[in-house]
Each structure stands twice: as structure tokens, then as C-alpha cells.
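Take a walk through this fold with the model open beside you. We start with a term, then look at aromatic rings, a helix pair and the chain as a whole.

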Amino acid sequence: MNTYLPYFMERAIELSKDAYLSEEGLPIGCVIVKNGIIISEGHNEIFKRKNPTAHGEMVAIEKACLSIDNLLLEDCELYTTLEPCPMCFSAIYWAKIKTVYYACTNEDAAKVGFDDSFIFEQMQKDKSEQLIPMHHFENINAFAVLTEWKSLEQKSAQPWQNQE
């Protein structure tokens with residue numbers, strides 16, 4: 001196990017306190033580490049930014065990508081005070097972070113009112129049964145843009161493509 005784990009997790013916990021004491025967000029903190037050095041920190045900023053996506057992990061991932069000028073954080077570890085929600089979980093995979101450490105589980109969070117289980121449940125339902133209706137509106141012009149982009153053979157942000 002990583003010998004720096006307690007230090008980095010304690011820093012994430014300090015950030016979680018900053019989040020709610022400053023009234024900028026909910027008590028969740030996060031640090032991203034590369035080669036034993038913190039390259040990014042963040043805490044929940046949903047109230048400050050008036051943005052429901054400004055979770056601690058999302059803020060830290062954004063800062064880390066800017067810090068190293070790369071979409072991928074392949075050699076990085078993420079330390080967070082709360083098990084990642086579905087959005088943050090996805091961002092962690094998109095960034096290809098190599099390891100995640102979290103202090104509190106989703107079950108712990110549900111005990112104090114942060115319950116993401118309904119989102120996981122909604123994702124498993126058929127679109128016609130989800131609380132927020134999602135409708136496919138096929139449009140050939142939208143697909144043409146995708147195929148045009150593919151023909152340019154530009155780098156994709158699909159880090160897990162062809163890696164099974």
C-alpha cells in the first residue's frame with residue numbers, strides 16, 4: 001500500500017472542511033498526486049460556482065489536467081473523502097487515473113443525506129422508465145459531423161478504447 005496515503009487523505013479531509021466552512025460546497029475534498037507530489041487539489045464548489053457538476057473530484061481533475069497540460073492523468077492517484085458518485089466515477093475513467101483511494105463509502109454518505117444510489121438505479125432502467133425522460137432524436141446531420149471528425153483521424157479522448 002502507498003506509504004503516503006495518510007498524508008494525502010488528511011489533506012483531502014482538510015479540503016472537505018474548507019468546502020463547507022467557506023459555504024462554497026458540500027464537505028468533500030480531493031487531491032491528485034503524481035510521483036508522490038500533489039499536482040492538484042479541489043473541494044466541492046457547487047454553491048460557489050452555482051454548478052451541480054463542481055464536485056471535489058471534478059474540480060481537482062480539471063486543475064490537474066491544466067497543470068500537466070494533458071487530458072489523461074494515467075500516472076496519477078486520486079485521494080477523495082467520499083466514494084465517487086457516477087459522474088466523478090466516469091470522469092476518473094475518462095482521465096484514466098491509475099488508482100483511487102476514498103475515505104467514506106457511498107453507504108456512509110447515505111447515512112448523512114448524500115445518497116447517490118437512485119442515480120445508479122436510474123442508469124440501469126430502460127429509458128422509458130427513468131424519472132427524466134431521454135429521447136433519441138435521430139438526425140443524419142449530427143452523425144455526419146461525427147463521421148467527418150473520424151475521417152480526420154484526430155486523437156480521441158477515449159483512453160480505454162481497444163484495451164480489453
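Buried means under 20% relative accessible area, exposed means over 50%, and partly exposed lies in between. Keep in mind that the model is predicted. Now apply those cut-offs to Phe89. Its relative accessible area is 46%, so Phe89 is partly exposed. Tyr93 has a relative accessible area of 42%, so Tyr93 is partly exposed too.

These two residues belong together. Phe89 and Tyr93 both sit in helix H4, 4 residues apart, which means about one helical turn separates them. A pair of aromatic rings is described by the distance of the centres and the angle of the planes. For Phe89 and Tyr93, the centres are 4.9 Å apart and the planes stand at 40°, so the pair is tilted.

How many aromatic pairs does the structure hold? There are 4. Another of them joins Phe8 and Tyr79. Their ring centres lie 5.1 Å apart, with 50° between the planes, and this pair is tilted. The two residues come from distant parts of the chain. Together with Tyr7 and Tyr101, they form one aromatic cluster.

Return to helix H4, this time with a partner. Two packed helices are described by the angle between their axes and the distance between the axes. The axes of H3 (residues 56-68) and H4 (residues 86-95) come within 9 Å and cross at roughly 20°. Angles under 35 degrees count as roughly parallel, and H3 and H4 are therefore roughly parallel to each other. The crossing is left-handed. Which residues make the contact? H3 supplies Glu57, Met58 and Ile61. H4 supplies Met87, Cys88, Ala91, Ile92 and Ala95. By class, 7 of the contact residues are nonpolar, 1 is charged and none is polar.

Now step back to the whole chain. It has 7 helices and 4 strands. From the N terminus, the order of elements is α-β-β-α-α-β-α-β-α-α-α. Along its principal axes, the C-alpha trace spans about 50 × 35 × 30 Å. Of the 164 residues, 32% count as buried. Among contacts with a separation of 6 or more, 48% join residues 24 or more positions apart.

Note on methods: Residues are numbered from 1 along each chain as its sequence is written. This is a predicted model: local features need pLDDT of at least 70, side-chain atom pairs count only at pLDDT 80 or more; totals for chains, interfaces and linings use all residues. Side-chain values use heavy atoms; hydrogens and water are left out. Axes are lines fitted to C-alpha atoms, for helices over the stretch in contact, and angles run from 0 to 180 degrees between N-to-C directions. Angles under 35 degrees count as roughly parallel, over 145 as roughly antiparallel, 65 to 115 as roughly perpendicular and the rest as oblique. A crossing is left-handed if the near helix is turned anticlockwise from the far one by less than a right angle, and right-handed if clockwise. Contact means heavy atoms within 4.5 Å. Ala, Val, Leu, Ile, Met, Phe, Trp, Tyr, Cys and Pro count as nonpolar, Asp, Glu, Lys and Arg as charged, and the others, Gly among them, as polar. Rings of Phe, Tyr and Trp (its six-membered ring) pair if their centres lie within 6.5 Å; planes under 30 degrees apart count as stacked, over 60 as edge-to-face and the rest as tilted. Buried means under 20% relative accessible area, exposed over 50%, partly exposed in between (1.4 Å probe, protein chains only).
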